[in-house]
Amino acid sequence: MTDQCEGAISPPVSEPELLKQTSSSKPKESLSSSLPISQQSSSLGRFISFEGTEGVGKTTAISSLCERLEEAGIDYIRTREPGGSDFAEQLRALLLNPQTSIHDDTELLLMFAARCDHLHERILPALAANKWVICDRFIDSTVAYQGFGRAHGDPKVLDKINQLIAGFVPRLPDTTIWLDLPVYEGMRRAGKRSQADRFEQEALDFFTRVHQGFVHQATEHPNRILQIDASGNSEEVALRIWQSLSVDL
């Protein structure tokens with residue numbers, strides 16, 4: 001999960017000491033050389049979300065993307081879910097607090113309450129201003145975590161989620177980057193972090209179901225969701241993302 005920041009004009013706001021990896025053997029591709037010419041000159045805003053289970057490297061990958069957007073002079077905001085707006089951040093603190101004990105339906109509705117505020121306060125205004133929106137998690141995480149992690153893929157719960165999306169999410173991402181990594185490897189990486197939040201404390205079986213949720217979403221929405229191999233170092237993953245985006249955009 002990531003912090004929010006404005007791009008081009010001001011640098012991204014990083015999480016407590018974002019991981020940075022460099023390579024002396026591979027020069028970084030510039031954004032202008034990675035995207036089609038039609039996109040290089042376009043001023044239209046794009047909505048790109050990043051998804052994945054714990055420990056897949058979303059924060060680092062998003063930072064790399066934001067750096068490239070800055071190099072190209074593209075204005076953007078970097079944001080996250082749950083959170084992203086003042087009210088949504090308050091709900092995030094509640095949802096991630098290990099001391100919070102709530103019913104699964106309550107958790108689902110709080111996620112959408114946060115998302116609704118986030119959309120209207122941050123995402124939609126940014127897109128209307130022709131800014132790019134780079135978001136750490138969006139609706140696919142709700143399907144994966146609440147629909148599969150909590151509800152084991154129960155069709156009735158998935159139907160609830162789809163109804164909430166239809167009723168309260170007027171804009172879906174143009175492209176979703178799904179960073180895919182074996183669950184056990186992601187958990188090993190995540191285990192090196194500081195104190196686990198309410199979701200990170202779940203057992204391996206929970207995250208196995210979450211991964212199944214992302215597989216489900218990628219199967220249902222192949223034109224929107226790009227599956228990216230998240231193994232290897234950060235620069236290798238960043239290159240895979242750019243190669244996929246250059247075709248998709």
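Is Cys 66 buried or exposed? Select it first: Cys 66 is buried, because its relative accessible area is 0%, where buried means under 20% relative accessible area, exposed means over 50%, and partly exposed lies in between, computed with a 1.4 Å probe on protein chains only.

This is a predicted model, in which local features need pLDDT of at least 70 and side-chain atom pairs count only at pLDDT 80 or more, while totals for chains, interfaces and linings use all residues. Residues are numbered from 1 along each chain as its sequence is written, and side-chain values use heavy atoms, with hydrogens and water left out.

**The whole chain**

Of the 249 residues of the protein, 51% count as buried. Among contacts with a separation of 6 or more, 79% come from residues 24 or more positions apart, a contact being heavy atoms within 4.5 Å. The structure holds 0 disulfides, a disulfide being a pair of cysteine sulfur atoms within 2.5 Å.

**Strand E3 and what follows it**

Next select Arg 80, which is found in strand E3 (residues 76-80) and counts as buried because its relative accessibility is 10%. The side chain of Arg 80 is joined to that of Glu 89 by a polar contact of 2.7 Å; a polar contact is a pair of N or O atoms within 3.5 Å, where within protein one must be able to donate a hydrogen and the other to accept it, and residues adjacent in sequence count only if both atoms are side-chain atoms.

Step on to Pro 82, in the loop between E3 and helix H4 (86-96), where the peptide bond from Glu 81 to Pro 82 is cis, with omega near -10°. Most residues other than glycine have a negative phi, and most peptide bonds are trans.

**Two loops with positive phi**

Select Asn 130, in the loop between helix H5 (104-128) and strand E4 (132-136), whose phi is near 65°, a positive value. Asn 130 counts as partly exposed because its relative accessibility is 37%. Then move to Arg 137, in the loop between E4 and H6, where phi is near 80°, again positive in a residue other than glycine; Arg 137 is buried, with a relative accessible area of 4%.

**Helices H6 and H7**

How do helix H6 (residues 139-150) and helix H7 (residues 155-168) pack, and at what angle? They pack at about 155°, with their axes 10 Å apart, the axes being lines fitted to C-alpha atoms over the stretch in contact and the angles running from 0 to 180 degrees between N-to-C directions. H6 is therefore roughly antiparallel to H7, a label for angles over 145 degrees, with under 35 roughly parallel, 65 to 115 roughly perpendicular and the rest oblique. To view the contact, select residues including Ile 139, Val 143 and Phe 148 of H6 together with Leu 158 and Ile 161 of H7.

**Last stop**

Finish at Glu 54, in the loop between strand E2 (47-51) and helix H3 (58-71). Glu 54 is buried, with a relative accessible area of 7%, and its side chain makes a polar contact of 2.6 Å with the side chain of Tyr 145.

Definitions and conventions:
Helices (H or I, at least four residues) and strands (E, at least two) are DSSP runs, numbered from the N terminus.
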